[in-house]
Amino acid sequence: MTSRRTQNLETESRCPQIALAGSAGGARHVGIGEVERRKLLWALPRRVAMEGRGTAVSNRLKEYRDNPTATPSVMKVWPLYGSGLENLGVEGRPVEWPVPQPGPDELLVRVDAAGLCFSDIKVLTQGDQHPRIFGRDLAREPVILGHECALTVVAVGANRQDRFKPGDRFIVQADIYYQGVNTAFGYTLPGALEQYTLIGKEILDGDEGCYLLPVQPTTGYAEAALSEPWACVVASYRATHRPTIKPDGTLWVVAGPGVGAADSLRISRGLDAEAHPRLVVLTGLPAGLADRLEAQAKAAGASVVRTEPLAALDLSAFAQVHTGGAGFDDVIVLGADAPLVEQVDPLVGRNGILCLVGAGQGDPTATMDVGRIHYDYTVHIGTLGDDAAEAYTRTRSSELTPGGRFWASGAGGPMGQMHVQRAAEKPDGPALIVATDVDAERLQVVLDRFGPLAEARGAKMVALNPKEMSPEEFDAALRKVTGGEGFTDIAVMVPVPAVISHCATHLGEKGLLNIFAGVPKGTMARIPILDAARKDVRFVGTSGSSIADLRSTLGATEEGTLSPNRSVAAIGSLDAAHDGLAAVKSQRFPGKVVLFPQITNLPLTPLSELKDVLPEVAAKLSPAGEWTREAEEALLAAKLGPAPVARGPKSRPFRRLEGQSALVTGGAQGLGEALASRLAAEGCHVAVADINEAKAEEVAARLHREYGVRTLAVRMDVTDDEQVGAAIDRVVATFGSLDVMVCNAGILIAGDAVEFRAADWRKVVDVNLVGYFITARHAARVMQRQGRGSIIQINSKSGKKGSFKNSAYAASKFGGIGLTQSLALEMAPYNVRVNSVCPGNLLDSPLWVDSLYAQYAKRWNLTIEEVRRKYEEQVPLGRGCAYDDVANLVVFLASDESSYMTGQAINVTGGQEMR
């Protein structure tokens, strides 16, 4: 793949634009509405996401549920930049993108759980060749996979506040129609493999209403998310077809070799004045029958075309002329044989019906496009009677036959297990359930997990592994368990044509083959198609589910009649998505993989291994080792990351130090107050330490009010070792950690070296150097234990070169740089970084404004403005150093962006000092 260099997110000048919906320059519009806000994000450099910090917070789970409105500035996302797992994220890791803010007609939602699906693997495999995203340049406009999810509203746009509020929980119907255009959540629209996402008009104002379905507060996140795949299972048993010829459609009536005289053949409904097709095409019919049907159709108001015999037709041109290439809505074949069906079936349109009236002699098996049965919903029905209309209404439903014989082929996979579980739990379900799979371990799980459920209602479950016997022995075993009658219902989850064909041969009278495996269109398999007429069998296939299916499935979950949690086989944090999708692709687990995007540091973990990783979670599994709501609560309590910081009115749009904690000495005034304010604006919890406790309390209160972060005021004399240690312990107890230590406290006493009092000289060194050592030492003590941290000393350009009549200050700052380098060497093994910032010419600081300007003006007989200009002219960049200039560097050194920097003394002098 093309190398993607990991870069940092751009800083404040660009960030405010990112939160707004809009179009990135040159980006081609793909999808509708909601995708637009993503285009700016896609244009951003990609930064690999780092693991969150496990700050201890009491009652974190309750806060997570009850107060969802606090959101971070950045989130983890898994963009798919092309086909293949190597194009998921960057270097196998998620990336960080800004958390968006909702527009007036949008919701910002938190992703609480995300199930991984084999449909995601299809997108991974096909990339921009996948039908739902065909032609999209994924390198420029990646997709976000994940359509099985549980969501919580965290922010509501102005125009939606009458219908939604923070804390509302939903699942989403993935297949969406908006203004007549089909789109999909987790395909065209960004899905659940990110921590937060926007829900826009496509979902809220869809053609079928709102595609969000509300979830009860007591419902688990995993079971809510898995309602979507379960709804697909439910939908497959609800598959129906039109009970008549399509009104205003196109009908083709074709004669086959077994048509005979056809004197008694008729169409009793659907070809009359009340309801009739727009066009009727008659091909190869006996003259008398053709005359009768033509008269009937014309009397009803349909147009009629009579063609040459089938053998003389160019079928491709024929379909183009009469259907515009879309295919016929209904094809009625009289006396068909298998070769004829093979010819005409491709001309059946989407949602079309092929009706076999009578059947010719010979082999009933034809080579059919089974992918079309699944994705185009083509239906095959038949009758041995003489009324074509009868075939539309006499065929059986798609539901499992009460007391019947059910075979689940591929039962060990996630979806196969759902089919088996449903059959086992269904009160009026089949009397016999046969589960087959080529993986013995997975098959045993099915038997152990669902056998007792079937037995509890008096049903029998049998497990067979075709790899453990010859094909002849396997067929014999299938015949034996059904008493030679074949199966009333077969669901095949194996996307292999030969397996589909084999399953079809074991259908009994009125049997139904559910081609659940999503084989692509163009997949050919041999199936006994003539048995649609001879034995009244049906072949069905469905893709996805409807809102009604999803609502029904969620209702069953919340009523306790369905347990999607039984489907969970492995869990992980969002970082495990890459491994999770690889596991789905290789069918590693006998069940579903569910990710919890808001937890931290949990690799992909099968439930069977939880006892070794999270014993407190494993203890809450069911006696059979199944996932439960109680296990989910224990997981969240143990692994939720630190609570996002609430946003205050002056918070930065995208905070680079989200959830970290900092202590700033000398933080009650001047540069220290400015640094404390900037850290708070970046999402940092801040302790303001100062010898002036009252002023520190005032600043801490202001920071909390303006930035929403937690704050603390502590009295601190940096030269008092015991006081400093106690203060840092208090910070850790309050915030849970100490991530950033800013050693800013200092004093300046200037004077002629000959006349300088030794006591004053010692005082400067004591505060500036010894004080730095004491605060850094206590911070290092905490950070060593944490295994991370950043210590930042505010030094000076006087730490790089001597300062006229300022020997004590310069000596303390020179010593400070030596201390920084020494501490950096000691702390490096503990992932603790130590750096110095060397500003110069802080011409707007209280020291200058309240003292130095007046002193120098008097000494040199200049105005204050002339003194300022004199110092500005000494700076190559022609201005003084602003607090923000220093704060920018402090934030950089506090963040992971400087993770490879330690022992540095960095100038912020406008070019006046370059060493």
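Two strands pair if DSSP finds at least two bridges between them. Helices (H or I, at least four residues) and strands (E, at least two) are DSSP runs, numbered from the N terminus. The model is predicted: local features need pLDDT of at least 70, side-chain atom pairs count only at pLDDT 80 or more, and totals for chains, interfaces and linings use all residues. Residues are numbered from 1 along each chain as its sequence is written, and side-chain values use heavy atoms, with hydrogens and water left out.

**Stop 1**

Select strand E33 (residues 740–743) and strand E34 (residues 789–794). Four bridges join them, and they run parallel. Now pick Cys743: Gln793 in E34 stands opposite.

Axes here are lines fitted to C-alpha atoms, for helices over the stretch in contact, and angles run from 0 to 180 degrees between N-to-C directions.

**Stop 1: the six-stranded sheet**

Go to the open sheet with the order E15-E14-E13-E16-E17-E19; its six strands pair in parallel. E15 and strand E19 (379–383) are the edge strands, each pairing on one side only. Neighbouring strands are turned by 15 degrees against each other on average, direction ignored.

Zoom in on E16 and strand E17 (residues 348–359). Seven bridges join these parallel strands. Asp330 stands opposite Ile353 in E17.

Show helix H8 (residues 287–300). H8 lies across E13, E14, E15 and E16, and runs at about 160 degrees to E15.

**Stop 2: helix H9**

Select residues 315–323. Which residues of H9 are buried? They are Leu315, Phe318, Ala319, His322 and Thr323. Buried means under 20% relative accessible area, exposed over 50%, and partly exposed in between (1.4 Å probe, protein chains only). Look down the axis of H9: the buried residues fall within an arc of 95 degrees, so they line one face of the helix. That arc is taken from the directions from the helix axis to the C-beta atoms. Ser316 and Val321, on the other side of H9, are exposed.

What do the buried residues pack against? Strand E13 (250–255), strand E14 (279–283), strand E15 (303–307), strand E16 (328–336) and helix H10 (338–344).

Click His322, in helix H9. It counts as buried because its relative accessibility is 18%. Not counting residues up to four places away in sequence, His322 touches Thr250, Leu279, Val281, Val305 and Phe328.

Step past the end of the helix. Gly324 follows H9, with a positive phi near 65 degrees.

**Stop 3: strand E2**

Finish at strand E2 (residues 74–77). Val74 and Lys76 point one way, Met75 and Val77 the other, and all are buried. E2 pairs with strand E4 (residues 95–98) in the antiparallel sense, over four bridges. Pro98 in E4 stands opposite Val74.

Conventions:
Contact means heavy atoms within 4.5 Å.
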